[in-house]
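Reader: I would like to go through this model and ask what each label rests on. Please set the values against the criteria as we go.

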Amino acid sequence: MTGSESGTAGFGTGGNALGRDNYLNHERGVRSWLLTRDHKRIGVMYLVAILSSFFLGGIFAELIRTKLWTPGNSPLMTANTYDQMFTLHGAIMIFLFVIPGIPASLGNFVLPLMLGAQDVAFPRLNLASFYFWIGGAALALISMVTGAVDTGWTFYTPYSTTTNSNVILMVAGVFVLGFSSIFTGLNFVVTIHKLRPAGMTWFRMPLFLWGIYGTAIIQILATPVLGITLLLLIAERALGIGIFDPALGGDPVLFQHFFWFYSHPAVYIMILPAMGVISELVSVFSRKHIFGYSFIALSSIAIAVLSFLVWGHHMFVAGQSTLSSMIFSFLTFMVAIPSAVKVFNWLATMYKGSIWLATPMLYVLSFLFLFGIGGLTGLFLGALAVDVHLHDTYFVVAHFHYVMFGGTVIAFLGGLHYWWPKMFGRMYSEFWGRIGALLVFVGFNTTFFTQFVMGSHGAPRRSYHYQMQFEPYHRLSTIGAYILGFGFLVIAAYLVHSLFRGRPAPANPWGGATLEWRTSSPPPHDNFAVTPEAGDPYDVEAWRWDGAIGGYVQREPAPQPASP
Amino acid sequence: MTSPGGFWMPVEGSTGAAAVDSVFSLVFWVAAFFFVLIVALMVAFVVRYRRRPGRLDAEASPSHNTPLELTWTLIPIAIVIVIFVWGFKVYLDANTPPANAYEISVTGQKWKWLFTYPNGHVDENLHVPVDTPVLLVMTSEDVIHGFYIPAFRLKRDVVPGRYSKVWFRAVKPGDYQIYCTQYCGTGHSDMWAKVVVHPPGGFERWLEQASNFLKTLPPAEAGQRLAVTRGCAQCHSVDGTAGTGPTWKGLFGSHVPLQGGRVMTADEDYIRNCILDPTKNVPLGFQPVMPTFKGRIRDDEITAIIAYIKSLK
């Protein structure tokens, strides 16, 4: 097989490089991984790290749901343990998993490849970012065994400055994690500005990169505010300096302003890369050019800008002025628009396509369904009068899980399945892939849709005890959580299995037109044997299925019609 | 959807609830419409355009259409502006109490609500007359709490160091649930209380009787109520465990060693002095931290508390 696979760079059968030199076997030994500056290896290490966090946070979630099977006291845990559980579930999922999630794992792996580049702009900074993550995670873990925090992941004062749990250590961990996030953002911004290949103008950039770029901007601008806020919190706890605690002359609501000034944009740190993944997948699996490229690209930037102006909608009942609430409510509705635009553009991309229901595409459909609910239930919470009723109830819990899980995690899973063959050179079982996607979809809806109903009936969140009237909802939700957990075990099982037994993956199993599909699976250490030239990233129709290699190859240029 | 206790919303217990529910209904139908639209298009496209033999490639179709895209940008903008305006209007009404509202003070503390009526009576539940605007002036003793009555669609954080106000007009006599919605520690999910909406005339009768419980209840029982509402129970246990202050169990008649080496018998006069001048005779092993109740408690109330302590053998 030589020369016949045009467009697959000639790496073995169909562009698979498992038996040859690739980034996984280029150097060997633990040291070669721990000190690597290869963005692909750092991406894989991040992937292992954040999936471990996801597993830990998931265990806490299952324990919480198990306690909530009964409305009263539970032999499983006391009220204090329950408070620690939901705090750790939130803190781990947010700071260790969702925020770094897509950018640090998939982004690190794919971004330079999509640019046809050899690496990110600052490979050492990239590795430093990973070790800051490890440091932050270590502090968080130490705080867990030395008096786990019971403040909620939001650390609201004056509760957080008066509780006797180990708030300082946990907050220090989050502070360090912030640097990890800033480093990644900085690296990606510079990489996208400086390392784009010939032919890739801003508006010929894959939309995943727009998503990552928007996220990186927010990471750089918003994360320092969180850092300063957390330092002030530590100063108040450790030194008794009155900033937030009214007993010391401070203002507790000020903390909420500071905290949400970061943490609301952080929601978009989580969702923008997810939207980028969906933009890639929907085009490739509809076998069609993305619809409305510039609207999707610009809506990412619109979201990034508007995300800084809506933090006050977390405080509609906290006692901010009516005028502030009015302005924040209006801006909140405005930030909904770019998301709606994206959804319509994705649907239009499917129109008249050739829709391939492979596992990644099932996650796209799942995303549209779940993120649709997540986004639309945001309208209830943006409307001031309705928010007053729903604030701090299970309705809000359900809403942000539909956005964070139904949006970000589902897109992450879609992206993971999409890039998995590229990362490890093996295909997973398509049959089990679809079963896994279905289990997650069913489990997720069972868990969280019930919480909308419970919440609108007034069930307060973060509650160890609850009224009998909510028991049926809680039980259904718990059953859903078990289905969801089982779904993840299935996914973990077939993905791990594929690493050893999976069919060797061709260079381009899905027919993507972005540059990462022009190199072998897995890619060589230097990414590309020959630097590829960037064209239209959504010209997927230039690739045709080749049954012999089980993947896509570039079409021969169509012969020019003879002039009459 | 606006029917009492429907699939989505609890009963409507106040005038404000009906207004909030109408906004909820509008948003619900808008959201339902767009959700059905998205899912229907998605399913239709998957069925019609799914990849199958003879359909390995997409059909030719444009990759953008600016007028179409502007349409699906502008129509949602118009819709959300309607929702925004209506939501704000109802919110504004809910934040503008009428001038003649009946005022009740609310105190949040770990993990209990206390309601103080204009005549000084303190109660664990919120009693209100039907069809009367009621203004709640709320503050917290410790951390932030959240005052929430689902049936009235009313919620506001209760913040230490400032006062927050909410008002409502209950429309139907009955009991309604109160929750704490701002996480505040161990007993957060136990911070339950009731709103009791009285029929016309009933509230005045209740308040008179409740304020008069010293005359109507046996003294020890009246003393027990006072111990709770006046906050004695925060520091003085009744089961023998030591708190910030000495336990009341078995206190009466015992010999109390004091700071400075003296010993006194805990009789009526000793207890009375402790309430009115708490730092004078501080028992050994305790700090002089109890605030004086001089001027804040009447003689008949002291008598009732003494009767209660006597009963705790």
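Reader: Which residue stands opposite Val106(B) in E2(B)?

Author: This is a predicted model. In E2(B), Phe115(B) stands opposite Val106(B).

Reader: What makes strand E1 (residues 102–109) of chain B and E2(B) a pair?

Author: Pairing requires at least two bridges found by DSSP. Five bridges join E1(B) to E2(B), and the two strands run antiparallel.

Reader: Why is strand E2 (residues 112–116) of chain B called mostly covered?

Author: A residue counts as buried if 20 or more other C-beta atoms lie within 10 Å of its own. Four of the five residues of E2(B) are buried, therefore the strand is described as mostly covered.

Reader: What is the strand order of the open sheet in chain B, and what is its pairing?

Author: The order of its five strands is E4-E10-E9-E6-E7, and the pairing is mixed. What marks strand E4 (126–129) and strand E7 (154–158) of chain B as edge strands is that each pairs on one side only. From one strand to the next, the twist averages 20 degrees. Helix H3 (residues 202–211) of chain B packs on this sheet, touching E4 and E10 of chain B, and its direction makes about 140 degrees with that of E4(B).

Reader: How many bridges join E9 and E10 of chain B?

Author: Five bridges join strand E9 (residues 174–180) to strand E10 (residues 193–198) of chain B, and these strands run antiparallel. Tyr176(B) stands opposite Val195(B) in E10(B).

Reader: Which residues touch the most other members of the largest nonpolar core?

Author: They are Ile278(A), Val364(A), Leu368(A), Ala383(A) and Ala385(A), in a core of 237 residues. H3(A) supplies the largest share, 22 residues.

Reader: Why is this core said to lie between domain 1 (1–46 + 66–96) and domain 2 (102–211) of chain B?

Author: Both domains give residues to the core, so it lies between them. A second, separate core has 13 residues, including Ala227(B) and Ile305(B).

Reader: Which residues is Val364(A) in contact with, leaving aside neighbours within four places in sequence?

Author: Val364(A) is in contact with Ile278(A), Leu281(A), Val282(A), Phe285(A) and Gly414(A).

Reader: How many residues does the contact take from domain 1 and from domain 2 of chain B?

Author: Domain 1 of chain B gives eight residues and domain 2 of chain B gives eleven. The side of domain 1 that touches domain 2 in chain B has four nonpolar, four polar and no charged residues. The centres of these two domains, taken over C-alpha atoms, are separated by 30 Å.

Reader: How many residues does each chain bring to the contact between chains A and B?

Author: Chain A brings 73 residues and chain B brings 71 residues. On the side of chain A that touches chain B, H10(A) gives the most, with 13 residues. By class, that side of chain A has 45 nonpolar, 22 polar and six charged residues.

Terms used:
Residues are numbered from 1 along each chain as its sequence is written. Chains are lettered from A and ligands numbered from 1 in the order in which they are written. This is a predicted model: local features need pLDDT of at least 70, side-chain atom pairs count only at pLDDT 80 or more; totals for chains, interfaces and linings use all residues. Two residues are in contact if their C-beta atoms, placed from the backbone, lie within 7 Å. Ala, Val, Leu, Ile, Met, Phe, Trp, Tyr, Cys and Pro count as nonpolar, Asp, Glu, Lys and Arg as charged, and the others, Gly among them, as polar. Axes are lines fitted to C-alpha atoms, for helices over the stretch in contact, and angles run from 0 to 180 degrees between N-to-C directions. A nonpolar core is a set of buried Ala, Val, Leu, Ile, Met, Phe, Trp, Tyr and Cys residues joined through C-beta atoms within 7 Å. A residue is buried if 20 or more other C-beta atoms lie within 10 Å of its own, exposed if 12 or fewer, and partly exposed in between; C-beta atoms are placed from the backbone. Domain bounds come from an automatic or database domain assignment.
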